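Here is a friendly walk through a two-chain structure. Please keep the sequence and the 3D view open as you read.

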Amino acid sequence: MTDRPDSQDKLLDRNLKMIGERLPIPGEPNVFQQAKWKRPPRSAYGASPPGRSGLIQKGVRFVKTHRTLTAAGSAVAATIVIGTLLLFPAMHREVEAAVIFGSLREALTDGLEITLENIGAEGAKVNGRIVLVQPSGQNEESAEGELAGGCYIEIRAVGDGSSGDLAGLDVDVTISITPEQQWLYAKFRGLPAEIAQEEPILAGLLGAMAQDGLLLNLDGILKQDEIDEIVQAMSGAMNEAMDEIREASQEIAVGEGGSKGDVSAEEAELLRIASGLLSGQAAGEDIDSLVSLLESHASGVSVRQVQEGVYVLSAEGFDFSEEDKETTEMLGDLAMTITYREGVGVSAADLNHIGEYDGSIRLRTTGITLDSELFSKDRYLNDGVTRVFDLAGLMQMAESMGGNITEVQATGTD
Amino acid sequence: MDAPSGALRGAEAAFEKHGRSLYRYFAVRTGGDPHLADDLMQQLWLQASRSDATVPEDQMEFWLRRIAANLIRAHWRRESRRPAHVPIADPRLGGELADRLANEELPPEIVERREVRDQLLLAITELPSGEQELIVAHYFHGQSFAELARKLGLSERGVEGRMYRARGNLREKLKRPA
């Protein structure tokens, strides 16, 4: 290449500056793309990538095996499972549910807030909010001391249509458990027709007591040390399970494979990735594995960097044709986005177009306002219509009458 | 992976060093399809990591680019047709552009012509990764010589010299596309 005159090079330089301002150049590949490059390409497998897991089936089975939960509770359970399934897909045992939430608690900066809109489950439409507060000692600056480790659930469940088990149900339920106070509020505007027919006394009692609102003080039911034990048990279960997972993951890393105890190699790997996602320490390969998992279920998966260190993973076009009809009906139109912040973890997840009511579930782990008034029962005490019962007192009264109600009923029917 | 560990490490290091510029190479030649570009990068890694070839380190990039060129050619051969928006090299137009770049002040509207954009992108992504990163960083991302000097551990004069050579090489790529 011969040297060119200065004038030519100067023109070349000026022209390239002009071009650089106007010519769109392909975007920089993000860290997830770069990690993905070292995976076998989809084209190597033809139409069906290998390793499609039955994780969705496992999650749905988990929901189905817990039909004994109350209507509102099962709707909450179903939506929590669905909402967290795609982030933490190895939930097929209760202990793993505890592990997941234990992991959540450890990794959360503020807490976890889940908002449900028009989620249809078990024959009811559910709207509501769930707030889990970081346990004490994890980040004392961000959690109110008296709320640390607390849990708040607010649900409105309305029975579906005029037929079905829960037709006629219309209930507000709020539960708040914190170290300082524990209470449950319920307002039954309508009961399921089936209960009203089969248990008229119970229905009448509930209607009379709870149509204007019923507040049960649970203080004293759970002693402080029992509450601490529950929180510790969750952390303890989490620690035990994470030890199992770490050992299983090490086995995977050195190529020994297999499963460790009750945790399979695949589940161990997925829980490790979930833990990394939650804590913000996930490597590009981890995100890539999550993308790979999603790609085995969805046709439109993308990851984009929205700002320095912040990535949004989107997925839609899920294919549940191999699942049962119920799963397809609930999740067939699902579209999800997950926001991941390096060093922080998953800060938000949105799941949209769920079920027959086109519902949504939103999860937030950062920017949550922890309002002590939310967890306070005072708003129900002061409205003048709510009936207030001290459950511990009621139980003591029942005991002092010489037995529990079940025994009295049994005696009565003999 | 089947390759001996030393060769694999070399391929891995080269892949990481030149990955961004190789990705751009695929992205342009797939008409801006990021998923297809990613798939081709995966294929590139698969081939590179499994190869038994002993490639000297200073020729690694050339070797990877040759594999990349074969992959993109094979891809479009397999497809029944190449979409209209996928750039194709035009030596005649590229040659004209190379001359005009060095001899006249180009009007900005010229960049709006698709065929001009295509030739520029093909030529830029044909450059070796070191020169390509310089051109992209300075002209497209606005990084100054001082910033580039700090990033590369060079003097500003050193960066000027490399940029001079990169500009010249770009004109050559326009005139004689691969």
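The briefing below covers the interface, the nonpolar cores and the salt bridges.

This is a predicted model, in which local features need pLDDT of at least 70 and side-chain atom pairs count only at pLDDT 80 or more, while totals for chains, interfaces and linings use all residues. Residues are numbered from 1 along each chain as its sequence is written, chains are lettered from A in the order in which they are written, and side-chain values use heavy atoms, without hydrogens and water.

**Interface of chains A and B**

- Chain A brings 34 residues into contact with 44 residues of chain B (contact means heavy atoms within 4.5 Å).
- About 3800 Å² is buried between the two chains, and carbon and sulfur atoms give 64% of that area (the accessible area, with a 1.4 Å probe, that two parts lose on being put together, summed over both).
- The interface of chain A and chain B holds 5 salt bridges (a side-chain nitrogen of Lys or Arg within 4 Å of a carboxyl oxygen of Asp or Glu).
- On the side of chain A that touches chain B, the elements giving two or more residues are α1 (6-22) and α2 (31-36) of chain A (helices are DSSP runs of H or I with at least four residues, strands are runs of E with at least two, and both are numbered from the N terminus).
- The most comes from α1(A), with 14 residues.
- A:Glu28 and B:Arg24 pair through their side chains in a salt bridge, at 3.0 Å from N to O.

**Nonpolar cores**

- The largest nonpolar core has 39 residues, and A:Ile114, A:Leu116 and A:Phe188 are among those with the most contacts inside it (a core is a set of buried Ala, Val, Leu, Ile, Met, Phe, Trp, Tyr and Cys residues joined through side-chain atoms within 4.5 Å).
- A second, separate core of 34 residues includes A:Met18 and B:Tyr139.

**Salt bridges within the chains**

- Over all chains, the structure holds 25 salt bridges.
- A:Arg156 and A:Asp172 form one, with the closest N and O atoms 3.3 Å apart.
- This pair links strand β3 (residues 151-159) to strand β4 (residues 170-177) of chain A, the partners being 16 residues apart.
- A:Arg156 is partly exposed at 33% relative accessible area, whereas A:Asp172 is buried at 17% (buried is under 20%, exposed over 50%, partly exposed in between, with a 1.4 Å probe and protein chains only).
- B:Asp99 forms a salt bridge with B:Arg171, at 3.7 Å between the closest N and O atoms.
- B:Asp99 lies in helix α4 (residues 91-103) and B:Arg171 in helix α8 (residues 156-175) of chain B, 72 residues apart.
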